[in-house]
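Here are my notes for your first look through this structure. Keep the view open as you read, and take the points one at a time.

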Amino acid sequence: MMKGFEYFTTQKDELLAWARKFSIFPYPFVTACCGMEFMSVASTLYDTDRFGAALPRFSPRQSDLLMVVGTVSHKQAPIVKKIYDQMCSPKWVIAFGACAVSGGVYQNYATLKGLDKIIPVDVYIPGCPPRPETVIDAIIKLQSKIETGVSKNV
Amino acid sequence: MKRKEYWNQKEMSYWEKLYYLEIARGLWVTFSVFIKNLYKWCTGKKGALTVYYPEERRSDYASNFRGKHKLTILENGRPKCIACKMCENICPSKSIKIVAGKSPDEKDSYSLKIPLSFDLDYASCIFCGHCVEICPKDAIIMTNDVSELPTYAREKLLYSLSDLLESKKDA
């Protein structure tokens, strides 16, 4: 009995990671047209609920995953940073679309050249906008990252 | 007769005012669809509309969908690219960087310039297809494949010549 309990305590992190893997609550920070693609991937045809990542929480304090969807301008950057700070640990970040990854086509003075200039990003999704298949690939990648417990954002 | 305040104001019957029956009626719609889909699933047919992506692909992809790039090759295995930098100039997000060099063969009949490096940054590529349209030698094409694009690191999105070059058996 005692031995079994001790074994269970060693597996606590794995159990937690397994549970977190299938209950990703995303906070969609939608600033641009990629939001349409986010809606498409969250709706019936490419249901992200199959990966437990469908229910968007509209408060950063309730969410695990910050999805920055679209262009982040220099004026918007402090807001993203503040929202990231408000989220409770453990937290993960996805840069969704070419604009969030690197500024994309907006190589000018007003746009932030990549979300990773202000906050650590776990998974990058390129594409303008990314295909829903690419987003699902990214969610699967994020799940394997959560399972192995390697995160920059703890 | 009392005049209605709004044209769409509906007179509710007793059962509608009771409310519980209407809730049950609404839930029955959801539940019956669930039962129908469950029956289809049990009999091996596709019930819901959802595409179960990693296992199955959508069949109605557009044939001219713009996905990952490929650099085509000649019969002898060298890239068709002649390093004219037209794609580099037209690229709206400046994702392509080519370094041109001299061909090792002095009397090359195809081109005296070859690309020493061809870097395509998928971090900023917007898949507009301008590079494919402008290429005079059809050296760069787009496949309708978008797999393996998301990465854990931004540096991994920079594809080099060897990543983009099509393999000999594809050609």
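How are H3(A) and H6(A) placed relative to each other: roughly parallel or roughly perpendicular?

1. Before the answer, some ground rules. This is a predicted model, in which local features need pLDDT of at least 70 and side-chain atom pairs count only at pLDDT 80 or more, while totals for chains, interfaces and linings use all residues. Residues are numbered from 1 along each chain as its sequence is written, chains are lettered from A and ligands numbered from 1 in the order in which they are written, and side-chain values use heavy atoms, leaving out hydrogens and water.

2. Now find helix H3 (residues 34-42) and helix H6 (residues 132-148) of chain A, whose axes come within 9 Å and cross at roughly 70°. H3(A) and H6(A) are therefore roughly perpendicular to each other (the word covers angles of 65 to 115 degrees). Axes here are lines fitted to C-alpha atoms, for helices over the stretch in contact, and angles run from 0 to 180 degrees between N-to-C directions. Helices are DSSP runs of H or I with at least four residues, and strands are runs of E with at least two, numbered from the N terminus.

3. Look at where these helices touch: Glu37(A), Ser40(A) and Val41(A) of H3(A) meet Pro132(A), Val135(A) and Ile136(A) of H6(A). Contact means heavy atoms within 4.5 Å.

4. Next, chain A has an open sheet of four strands in the order S1-S2-S3-S4, with parallel pairing. Its edge strands are S1 (26-30) and S4 (123-125), each pairing on one side only. Two strands pair if DSSP finds at least two bridges between them; S3 (residues 92-96) of chain A is joined to S4(A) by three bridges. Ala95(A) stands opposite Tyr124(A) in S4(A). H6(A) lies across S2 (65-69), S3 and S4 of chain A, and runs at about 175° to S4(A).

5. Seven bridges join S2(B) to S3 (residues 113-121) of chain B, and Ile98(B) has Phe118(B) as its bridge partner in S3(B).

6. Finally, see how the chains meet: 33 residues of chain A are in contact with 27 residues of chain B. One salt bridge is counted between chain A and chain B, and the side chains of Arg154(B) and Asp116(A) form a salt bridge at 2.9 Å, N to O (a side-chain nitrogen of Lys or Arg within 4 Å of a carboxyl oxygen of Asp or Glu).

Definitions and conventions
Angles under 35 degrees count as roughly parallel, over 145 as roughly antiparallel, 65 to 115 as roughly perpendicular and the rest as oblique.
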